[in-house]
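Q: I have a structure open and I'd like to learn how to read it. Could you walk me through some features, one at a time?

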Amino acid sequence: MESDDDADGHDRRTPGTASDDAETVVAAERLLRSLHEHGVTRLFANLGTDHAPLLEAAARLDAADRTAAYPEIVVCPHEFAAMSAAHGYTAATGEPQAVLVHVDVGTQNLGAAMHNAHRSRVPMVVLAGLAPITDEGFVGSRNNVVQYVQDVFDQPGVVREYYRWTGEYKPPADPDQSVVRALERAQDVPQGPTYLTATREALETPIRPTEEAGREVRSIRRPGADDGTLHDLAALVAAAERPAVVVGGSHATDEHAAIQSLVDFAEAAGAGVIEHSPTRLCFPRTHDLHVGFDPATAVDHADLLVAVDVDVPWIPWDGSPPAEMSVVQIDPEPTKATYPSWDFDVDVTAAADPVTTLDRLATRLDPDDGAAGRDAWRERHRAIERASDETLAAHRDADRLTPAVVAAAVDDLVDDRTVVVNDATTSSGAVLRHVDLSRPGSYRGFGGSGLGWGAAAAVGVKLAEPDSRVIATVGDGAYVFANPTACAWLAAAHGAPTLTVVVNNGGWNAVSLSTQGQHPQGVAAEEGVPGSAFAPRLELSRPATVVGAHTERVTERSELAAALRAAAEAVDGGTPAVVDVHVEPVE
């Protein structure tokens, strides 16, 4: 009988064929099936020659009518878009997804999307091939010059700063073990992406699974604060006249529970709530204890600051809490291990689950003690609303097309099934202030600074919530970074129509504002910041025309409402839409 192995033990099985041994399975197929068995429903993929084992395994499963046995492959024309879409999908569902990229070059093309997932604490598994390690003799050996070029010394070193774990699958181990390890590390505190690699030869190896299902990914629960800590926290809150909460929301897994626990605590304590760089809706923005998005409000008006699940509780440049103000931190990861420097003075730290801790803390408070705080913060809420309304009215009266005017027009499109995905850079403040959201899951932001995230993340949200109307608000610089052609194709090809509103101020306004802020009396502030403007201004509705998207360009305020309504109707009818709004920059 002729053997598939020659005398030196090399596996010379015809490429792309399954093992004849009924007790073995090709590693690539086991890897795909393991991902699916552990809850990964989608594989956001930008494909390369290193993925041949996985693609052949998927084809075999399709031919055997077992399509449902592995994650749906969501083809993405660019890796940044792939990881951003996976980010949006995971944020919307709470279920980690997977991204598939091509060796070192595909890994590098993930770019700032890695930073965004890292800082936003979004769990996902990034899979990347490695260049083959053999010249011949094995299924998967090098058969193209590019596979020599792509062989590097330390491919995981490209990403190690941004990932919770990096690993390489090596036979004869069961790939399920690698998948479980990657998912568990992704979901432990602090959550974030993990990175798993494999060579073609490894993925083509027949292996014997340890068990048909393997072990389950553990659900790791963090407890609330202990009784002693709760006693101390309750005493501090009860003694304060105007406690304030600063919240960011990156760690939340149950958004409904997180919002309700904070509402109950704020109402019992008489605390104002500030969302600082929120990655989700942390507190209903219509609630009369919501006092904006600037932690300086707490520094200036509170006598107790409670930092809840927030990376940057205040900006020292703008002012730090006075010495007599106590600062409390409730956070499952209080020392912020992923930050090289975190020099905030905290008096009492509860390294605990915020939801459970706030729930228990609220029951220990006498609501009567919080009456003065509630009155003070409600007046602050009304003052902030009046200021926002006055700004908006002034812009409208002057017939100005500003970010505030655009955000208010977007607000007119919001209903109980709308999700706003915000990547509007210097216009983000207008979106936060003028789009009134209160439903859990209705807002998605990101905790990083890798601009371009929003357009593809919105597609991921739409794939996760097909019945939602998903609106992405993006800056013009961010939209260029997003690779808008790839994002438009992604929405059209996968039946995930979104409305992208480009707040186009004609340049890098963040660069301009930062320069002027650092040198308020400088030459740049007087004469203009060099290189910060796009001249001519980009016409950013055009890239989406490659897929027949509905596009609009707005240059006058009178055109805005009708253009947004038409775009929303197109999206509701199944067609992606992009509205490019040419606004004037506003400081």
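Q: Let's start with strands β4 and β5: in which sense do they pair, and over how many bridges?
A: Strands of a sheet pair through backbone hydrogen bonds, and the pairing can be parallel or antiparallel. In this predicted model, β4 (residues 97-101) and β5 (residues 124-130) run in the parallel sense, with 5 bridges between them.

Q: Which residue is the bridge partner of A98 in β5?
A: Look across to V125, which is the partner of A98. Likewise, V99 stands opposite V126 in β5.

Q: And what happens between β4 and β2, parallel or antiparallel pairing?
A: That pairing is parallel too, over 3 bridges.

Q: Where do the side chains of β4 point?
A: In a regular strand, side chains alternate between the two faces of the sheet. Here Q97, V99 and V101 point one way, while A98 and L100 point the other way. Buried is the word for every one of them: 5 of the 5 residues in β4 are buried, so to speak "mostly covered".

Q: What is the order of strands in the whole sheet?
A: Follow the 6 strands of this open sheet as β3-β2-β4-β5-β7-β6, with parallel pairing. The edges are β3 (72-75) and β6 (166-168), each of which pairs on one side only. From one strand to the next, the twist averages 25°.

Q: Which strands does helix α3 touch?
A: Helix α3 (residues 79-93) packs on the sheet and touches β2 (42-45), β4, β5 and β7 (193-199). Its direction makes about 175° with that of β4.

Q: Now for two helices: at what angle do α13 and α14 pack?
A: Helix α13 (residues 371-397) and helix α14 (residues 403-411) pack at about 105°, and their axes are 9 Å apart. Angles of 65 to 115 degrees count as roughly perpendicular, and that is why α13 is described as roughly perpendicular to α14.

Q: Which residues meet there?
A: From α13 you have L392, H395 and R396, and from α14 you have A404, V405 and A408. Sort the residues of this contact by type and you get 4 nonpolar, 1 polar and 1 charged.

Q: Is α14 enclosed or open, and why?
A: Since 8 of its 9 residues are buried, α14 is largely enclosed by the rest of the structure. The buried ones are P403, A404, V405, V406, A407, A408, A409 and V410. They pack against α13, α15 (428-434), β16 (469-475), β17 (499-504), α21 (557-572) and β19 (577-582).

Q: How many residues are in the largest nonpolar core?
A: That core has 83 residues, and those with the most contacts inside it are V245, F265, V406, L499, L560 and V581. Take V406: if you skip its neighbours within four places in sequence, V406 is in contact with L401, V501, V503, L560, V581 and V583. Another core lies apart, with 50 residues, among them F80, V122, V126 and A457.

Technical notes. Residues are numbered from 1 along each chain as its sequence is written. This is a predicted model: local features need pLDDT of at least 70, side-chain atom pairs count only at pLDDT 80 or more; totals for chains, interfaces and linings use all residues. Side-chain values use heavy atoms; hydrogens and water are left out. Axes are lines fitted to C-alpha atoms, for helices over the stretch in contact, and angles run from 0 to 180 degrees between N-to-C directions. Helices (H or I, at least four residues) and strands (E, at least two) are DSSP runs, numbered from the N terminus. Angles under 35 degrees count as roughly parallel, over 145 as roughly antiparallel, 65 to 115 as roughly perpendicular and the rest as oblique. Contact means heavy atoms within 4.5 Å. Ala, Val, Leu, Ile, Met, Phe, Trp, Tyr, Cys and Pro count as nonpolar, Asp, Glu, Lys and Arg as charged, and the others, Gly among them, as polar. Two strands pair if DSSP finds at least two bridges between them. A nonpolar core is a set of buried Ala, Val, Leu, Ile, Met, Phe, Trp, Tyr and Cys residues joined through side-chain atoms within 4.5 Å. Buried means under 20% relative accessible area, exposed over 50%, partly exposed in between (1.4 Å probe, protein chains only).
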